[in-house]
Amino acid sequence: MASNACRYASTKHPKNFKPPTQDDLDELRERTIEFTRREIPYDVAQATDHQNEFPMEMWQKMGEAGLLGVTADEDYGGLSMGYQAHCVIMEELSRASGSIGLSYAAHSQLCVNQLMLNGNEEQKSQYLPGLVSGEKVGALAMSEHNAGSDVVSMKMTAKEVDGGYVLNGTKMWITNGPDADLIIIYAKTEPDAASKGITAFLVEAKNAKGFSCARKLDKLGMRGSNTGEIVLDNVFVPTSHVLGAKNKGVRVLMEGLDLERLVLSAGPLGLMKASLDCTLPYVHERHQFGVPLATQQFIQGKLADMYTKYRASSALTYSIARAIDESFEDPDIRTQDCAGAILYAAERATECGMDAIQCLGGMGYMNEMPAGRIMRDAKLYEIGAGTSEVRKMVIGRAFNKEFGVR
Ligand SMILES: Cc1cc2nc3c(=O)[nH]c(=O)nc-3n(C[C@H](O)[C@H](O)[C@H](O)COP(=O)(O)OP(=O)(O)OC[C@H]3O[C@@H](n4cnc5c(N)ncnc54)[C@H](O)[C@@H]3O)c2cc1C
C-alpha cells in the first residue's frame with residue numbers, strides 16, 4: 001500500500017516513530033495534567049456525570065492540546081508518539097473524568113488508530129486531520145443487541161450494489177454514537193461465511209441518508225460519555241470507504257482489539273489514581289476517636305491495598321506498552337499480555353472505587369463526593385472491550401494456540 005511505503009516494517013507505529021524516552025513521557029504527563037486541571041476540574045467532571053452530557057467543546061480543546069492523534073503520523077497532525085504515550089494521556093484524562101477518558105479512547109484509539117493502521121492514503125488524508133484537530137468526532141461500532149461477546153455473530157448486512165454497499169441493521173452500546181461524524185462500522189458482506197464474511201466500513205454518520213441514533217442510553221456509570229444505539233436503514237457506502245479489504249474485517253477487528261485493550265487498561269489506572277486522590281486527603285484530615293482516620297489499621301490496610309493495586313496495574317500496562325513501542329520495527333504484541341493488562345486493572349479499579357467509598361464513610365455515599373462516580377465508572381472496564389470472562393478465555397486460547405491445541 002502506497003501510504004505504508006515509508007513506514008517501518010511495523011504497521012503498528014506511525015512514520016518516523018522513535019520510542020519516547022522517560023523524559024518525553026514525563027513531560028507529556030505534566031502537559032496532560034496541566035490540561036486536566038484547567039479544562040476538566042472537579043465541577044466539570046461532576047456536571048458531566050450528573051447531567052449525563054458530554055461537554056462537546058472538549059473535543060476542540062483536546063485537539064488543540066494535541067491529545068487526539070498521539071499514535072497518528074505527523075503528516076495528519078498527529079504526535080507520532082506511540083502506545084506508552086497514549087496510555088499516559090488516557091490515564092490522566094480518566095483520573096480527571098472516567099467518562100471523558102472513555103469517549104477520548106473511543107475516538108483516539110478505536111477510530112483514529114484503527115484508521116491510521118488500516119486506512120489507505122486517500123482515507124487517511126480525508127479523515128485524520130479533522131479527527132486529530134477535534135473538529136470531527138470518531139467512534140467504532142461492532143456490538144449488536146445479540147452479538148456482544150460473540151461479536152462475529154453480528155447481523156448487520158452490507159449488500160454489494162453498483163459503486164458500493166448498502167448497510168442495514170442496528171448497533172448497540174456505541175460510545176460517541178450519538179455525536180460521531182465518522183464511525184468505523186463492521187457488517188456482514190457474506191452472511192453465510194461467518195467470520196470470513198465481515199467487512200469494516202468508514203461511515204460518515206452525520207451525512208449518511210438512512211443513518212440515525214435511535215436513543216442515547218442511560219447508564220450506571222461513564223455518564224456523559226454518550227453511548228448510543230444506532231440504526232442503519234439502507235445506508236449507501238461507496239466502495240472507496242471500505243477499511244482494509246472486503247471480507248477481511250475480522251482481521252481489522254481482532255488486530256485492533258489487542259491494542260485497544262492495552263490503551264483502555266490505562267482508563268482503570270486513572271480511576272485508581274482518582275480513588276487515591278479523593279481518599280488520602282480525606283482520611284488524613286478527618287478525625288474519629290481523637291485521631292486521624294488514616295492512623296487506624298483497618299483504614300491503613302485499605303490505603304495499602306489501593307496503592308499497591310494501582311502500582312502493580314501500572315507496572316503491567318506500561319511494561320507491555322514499552323515492549324510494543326521498543327520493538328516497533330517488528331512489534332511484539334502478545335494477546336495474553338494486552339488482555340491481561342485490562343483484566344487485572346479493571347477489576348482492581350472497581351475494588352479501589354469500593355474502598356474509596358468505604359474510607360469516606362457516609363460522605364463516600366454522597367454524590368457530591370467523587371468516590372461513587374469513580375466506582376460506577378470503573379465497573380464499565382470489566383464489561384466494555386470484552387468482559388473479564390472473555391479476556392480470560394482469550395488468554396487461555398492464546399496459550400492453547402502456542403501449544404497447538406484448539
Ligand atoms: C458503556 C459501554 C460502552 C461500549 N462501547 C462500545 C463501542 O464503542 N463499540 C462497540 O462495538 N461496543 C461497545 N460496547 C459493547 C461491549 O463491547 C459489550 O457490551 C461487551 O462485549 C459484552 O457484550 P454483551 O453486553 O452482549 O454481554 P454478553 O455477551 O451477553 O455477556 C453477558 C455475560 O456472559 C458472559 N459470557 C459471555 N460469553 C461467555 C463465555 N463464552 N464464557 C463465559 N462467560 C461468558 C460475559 O462475560 C458476561 O458476564 C460498550 C458497552 C458498554 C456497556
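**View 1: Helices H1 and H4 run roughly parallel to each other.** This is a predicted model, in which local features need pLDDT of at least 70 and side-chain atom pairs count only at pLDDT 80 or more, while totals for chains, interfaces and linings use all residues. Residues are numbered from 1 along each chain as its sequence is written. Helix H1 (residues 22-39) packs against H4 at an angle of about 25°, and their axes are 9 Å apart. (Helices, H or I of at least four residues, and strands, E of at least two, are DSSP runs numbered from the N terminus; axes are lines fitted to C-alpha atoms, for helices over the stretch in contact, with angles from 0 to 180 degrees between N-to-C directions; under 35 degrees is roughly parallel, over 145 roughly antiparallel, 65 to 115 roughly perpendicular and the rest oblique.) H1 and H4 cross in a right-handed way (near helix turned clockwise from the far one by less than a right angle; anticlockwise is left-handed). On the H1 side, look for Leu-25, Leu-28, Arg-29, Thr-32, Ile-33 and Thr-36, which meet Gln-84, Ala-85, Val-88, Ile-89, Glu-92, Leu-93 and Ala-96 of H4 (contact: C-beta atoms, placed from the backbone, within 7 Å). The contact of H1 with H4 holds 8 nonpolar, 3 polar and 2 charged residues (Ala, Val, Leu, Ile, Met, Phe, Trp, Tyr, Cys and Pro are nonpolar, Asp, Glu, Lys and Arg charged, and the others, Gly among them, polar).

**View 2: Helices H9 and H10 lie roughly antiparallel to each other.** Find helix H9 at residues 297-326 and helix H10 at residues 335-360; they pack at an angle of about 160°, with axes 9 Å apart. Their crossing is left-handed. H9 brings residues including Ile-299, Met-306, Tyr-310 and Ile-320 to the contact, and H10 brings residues including Cys-338, Tyr-344, Arg-348 and Cys-359. By class, the contact of H9 with H10 has 11 nonpolar, 3 polar and 7 charged residues.

**View 3: H10 also packs against helix H11.** H11 spans residues 371-380, and the angle of about 165° goes with axes 8 Å apart. That makes H10 and H11 roughly antiparallel. H10 passes H11 in a left-handed crossing. Here Ala-349, Thr-350, Gly-353, Met-354, Ala-356, Ile-357 and Leu-360 of H10 meet Ala-371, Gly-372, Ile-374, Met-375, Ala-378 and Lys-379 of H11. The contact of H10 with H11 divides into 9 nonpolar, 3 polar and 1 charged residues.

**View 4: Domain 1 touches domain 3.** The chain is divided into domain 1 (22-137), domain 2 (141-247) and domain 3 (250-403), with bounds from an automatic or database domain assignment. The centres of domain 1 and domain 3, taken over C-alpha atoms, are separated by 20 Å. The contact takes 22 residues from domain 1 and 24 residues from domain 3. On the domain 1 side, helix H4 (83-96) and helix H5 (98-118) each supply at least two residues. That side of domain 1 has 7 nonpolar, 11 polar and 4 charged residues.

**View 5: A shell of 23 residues lies around the ligand.** Which residues come nearest to the ligand? They are Ser-143, Gly-148, Ser-149, Thr-387 and Glu-389 (near: C-beta atom, placed from the backbone, within 6 Å). Strand E1 (138-141), strand E3 (164-175) and helix H12 (388-402) are the elements that give two or more residues to the shell. Domain 2 and domain 3 each provide at least three residues of the shell. By class, the shell has 13 nonpolar, 8 polar and 2 charged residues.

Key: Two residues are in contact if their C-beta atoms, placed from the backbone, lie within 7 Å.
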